[in-house]
Structures are given as structure tokens and as C-alpha cells.
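Subject: Handover of a structure for your study

Dear colleague,

I am pleased to hand over the structure below for your study. Please look through it first, and then read the notes that follow.

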Amino acid sequence: METTKLDLIKKYNVPAPRYTSYPTVPLWEDDLSERGWVSMVKKSYEDFGDKEGVTLYIHLPYCESLCTYCGCNKRITKNHAVEAPYISSIMNEWSAYLKVLDTKPKLAGIHLGGGTPTFFSPQSLKEMLDFILETSSVMPEAAFSFEGHPNNTTREHLQTLFDLGFRRVSFGIQDFNLEVQKAIHRIQPFERVKEATDVAREIGYDSVNFDLIYGLPHQNLETIKDTFEKVSLLKPDRIAFYSYAHLPSAFPAQKSFEQHLPNEAEKRRLYEVGKEILQSMGYLEIGMDHFALPKDPLYLAKENKTLHRNFMGYTTSPSKILIGLGNSSISDVYYAYAQNTKEIDLYKEQISLGHFAISKGHLMSSEDIQNRNLILQLICNQEARWDFCYYSKLGKKNWDKLKIFKEEGLIDFDATGIKIKKEGMPFIRNICMTFDQRMQEKESQKFGFSKAI
């Protein structure tokens, strides 16, 4: 009996990582001391820094109100007196990295994430960024971006960051339906989003991204169609269309609306319809969850096979060195990963004492690096090459999985490599799991990954 698409959707609707790293954070060995981390940062910059530079991710965790769907690390407060001490800690942490590198590092990019980066005043952001830029050498192709909440991203925010070199802004939209917005406690009228988008373009930003989510409470086909109709009026350059991850045990606020969530079949249909509408609007699919217009650098990077993926998602930056500043931020220096403590006050205390605020880390083995490179190729390019040594080391269980994927029309593979077919794109995370040696070693354990599709 022929396997239908619906059969495959049911079969592969299992927990799976998004592979913004390999190994994924729950599978890190936590085998890295502060001294070891310093050594890996130095080695990485010596090997890659001069050519590729450093990309910075800066975590700005404060929000004025709680969005109940959110799984990010954040602290809710209306007290803006928290800005100055936190900015000071970021600058001190960057100073510590400057001492480690013992040079004026080349800067390939900056991304401000959160939380809500635009919780911080333009003046606070400028103070922090002025210091980073003064102590770095900005590369000609450097890309600066930030996440903005449409309700509090002011013209002054946009102008200040533009003057500092930022050219891309990502607005968290999620959905335009008022009932959905009320359920997730994120009410932002279309008019406000339009105003923020128009001002960004007027100032000169050359890339505007919208984050949208499917699977939220009260969403149905009509609300999704209405949301995309409004999106079409603003035509952002990029769109991230994410699956809502329902994890009420980790994020109790999600319990407030779980009786209004679409079921798995309904959720999948929301994605299918949304994707069809996006493609009819001229957007092209970029790996998982992402869509871009044909002239956008993200799509051009995909076409040129220079697309990269890290903890910030898909990026055009080729840098192998991502340094995370701020509480809960994650750094990737190719040879090792490290995550800062999630607790804000502990982060600030550790930084004030002259320590890196690392709470967890992972030293990469040669096998880790090999598996990561292959998974990254699949995630970014939908194909990967392997040598005979890697090909011959794949175990029988993995071979059996690959053969099944091939029989189902999802992939092709031979002794030289593997290619994911168009039909296999919705199952790319499942396919990547075939090469996840760390997960296979601990497959009996349960981890809080979101659904694969």
C-alpha cells in the first residue's frame, strides 16, 4: 500500500531538535572549565578570527509584560532603572573577552535579542554599542540586526541603531487576529506594525523580518488567511514561520489557553495553508521555518550555498565564532560551546567578580565536529557530501532509516553523499536525527524538544 503524505506526517510527528547546534544543548557533556573556555576562545580566534571575524549575540532579557506563548529567557518589569547596571555588565563581559583575545577583534556582526531589546532606551543601547564598536574593527561586510517589539520600537530606536550600522530589524508579530493576541497577551494593532515597518524603511533599513507563529490558541484557517493578507500589505523582506511549542511544565503561563489550541491535524493544515500563501506572494523557502523574497541576501546565500545556521537561526554570516553576551546567552567557538547562567542577578555578580558567567559548556570531539558539519550542510543546503570513512561507519540502524527515507521518496543517497528531495523538506529534522550520534546514545531519555512538524 502506498504511503501517503498524511501517513508520513503522522509517522514523523515526533519530538526533534531544530539543530541550531550539534550536539543540542540538553546533550552537552558539561565538561568545560572557565580556563578551558578561555583556551578554546583563543584557539578559535587564532584559527578563524582574522578571516571571518566575530559575531556577537547580545541578550537583553527585560520585557514590560508577559507574552504567555513565549519560551525565551526573560524578566518582566516596568522598572527601567534595571537598564544601566545590566548594560554595565555587558560592557564588562565584553572587556573580559578583549583581554582573552589580546587584540582589537574583527567584528562580523551583531544581533540584539531578548526579551525585548527595545525595552532599553536608545541612549542605553548607544552607550553599550559605542563601547563595542570603539574596541572592535568592523569588517566591511558586517551585518547588524535587532529584534523589535512593534509597540515600543520608536523612531528614535530605529534612527539611533541605524546610525550605528544596523540595517535589519525583526518584528515579532506572531498573529494579527485580536482574539489570538488577547490569548497570548500580545496586543499590537496592524496600524502600529505598519507604522514601525514604514518608519524603518523610511530611515533606510534594507531588510525587515516578521516572526509569525502557527499553532497558537484560537487560530484557524480564516485567521491565518487574514494574518497573511495583512502581511501582504507590508511585504517584509523575510518571514520566519515557526511552530508554536507547547511546554506548560516549563512555561506555566501557557496553561492559560491550552484548551483553545488546534489539534495536530489542524496545526499542520495551518502550516500548509500559510506556506502556500507565502509562496503565492513570491516568498521562497529557506531551509526550515524561513522564507525570503528572491533578492534578499538570505535567499542569495542559499542559492550560493553559503548559508549558515547557528543559535540565532539562519544567517548569511560565515563566522565560526559566535560570542554570546548577557545572561542565558550561548557562545559557539567551533571547538566548544558555552552558555551563561540564566539568572540575571547571578550573571551580574559573576561578571562583577571578574569571572565569565558560564553555567554549562561542551568541548567538541572530532566526531562531534564531523556530525555537526554534515547536519549543517543538510539544514542549510539540503544535501551533504561524505567520505568513505564516514559512509562506512554508519551503523545498521542508521542505514535502515536512510533506506526507509529513500523508499518513501524523501531522500537520495549513495557512497558519496545524501540529498533531501522536495518531498522530504517537511521532515528535514527527522532526517538529520539519523546522524545525531549524541541523541542515539541517550535515546532512552526524554528531552523537551518541540514537535518536528
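UniProt positions are given in the numbering used here, and its annotations may be inferred rather than shown by experiment. Please also bear in mind that this is a predicted model.

Cysteines

According to the unreviewed UniProt entry, the annotation "binding site" covers Cys63, Cys67 and Cys70. Cysteine 63 is located in strand 2, residues 62-63, and counts as buried because its relative accessibility is 10%, where the cut-off for buried is under 20%. Apart from its neighbours within four places in sequence, cysteine 63 contacts Lys74, Arg75, Ile76, Thr77, Gly115, Thr116 and Phe119.

Cysteine 70 sits in the loop between strand 2 and strand 3 (75-76). At 16% relative accessibility, cysteine 70 counts as buried. When residues up to four places away in sequence are not counted, cysteine 70 touches Phe251 and Gln254.

How many disulfides does the structure hold? There are zero. A disulfide is a covalent bond between the sulfur atoms of two cysteines. For cysteine 72, the closest cysteine sulfur is that of cysteine 70, at 3.8 Å, which is too far for a bond, because a disulfide requires the two sulfur atoms to be within 2.5 Å. Cysteine 72 is partly exposed, with a relative accessible area of 38%, and cysteine 389 is partly exposed with 45%.

A pair of helices

Two packed helices are described by the angle between their axes and the distance between the axes. Helix 3 (residues 83-101) packs with helix 4 (residues 122-134) at an angle of about 10°, and their axes are 10 Å apart. The two helices are therefore roughly parallel to each other. Where they meet, helix 3 contributes Glu83, Ile87, Ile90, Met91, Trp94 and Ser95, while helix 4 contributes Ser124, Glu127, Met128, Phe131 and Ile132. By class, this contact has seven nonpolar, two polar and two charged residues.

Backbone details

Most residues other than glycine have a negative phi, and most peptide bonds are trans. Tyrosine 19, although not a glycine, has a positive phi of about 55°. Tyrosine 19 lies in the loop between helix 1 and helix 2 and counts as buried, at 2% relative accessibility. Serine 328, in the loop between strand 13 (322-325) and strand 14 (330-332), has a positive phi of about 70°.

A cis peptide bond joins tyrosine 22 and proline 23, with omega about -5°. A cis peptide bond also joins glycine 114 and glycine 115, with omega about 15°.

Yours sincerely

Terms used:
Residues numbered from 1 in each chain as written. Predicted model: local features only at pLDDT ≥ 70, side-chain atom pairs only at ≥ 80, totals over all residues. Heavy atoms only, no water. Buried < 20%, exposed > 50% of the residue type's maximum accessible area, 1.4 Å probe, protein only. Helix = DSSP H or I, 4+ residues; strand = E, 2+ residues; numbered from the N terminus. Contact = heavy atoms within 4.5 Å. Axes fitted to C-alpha atoms, helices over the stretch in contact; angles between N-to-C directions. Parallel < 35°, antiparallel > 145°, perpendicular 65-115°, else oblique. Nonpolar A, V, L, I, M, F, W, Y, C, P; charged D, E, K, R; others polar.
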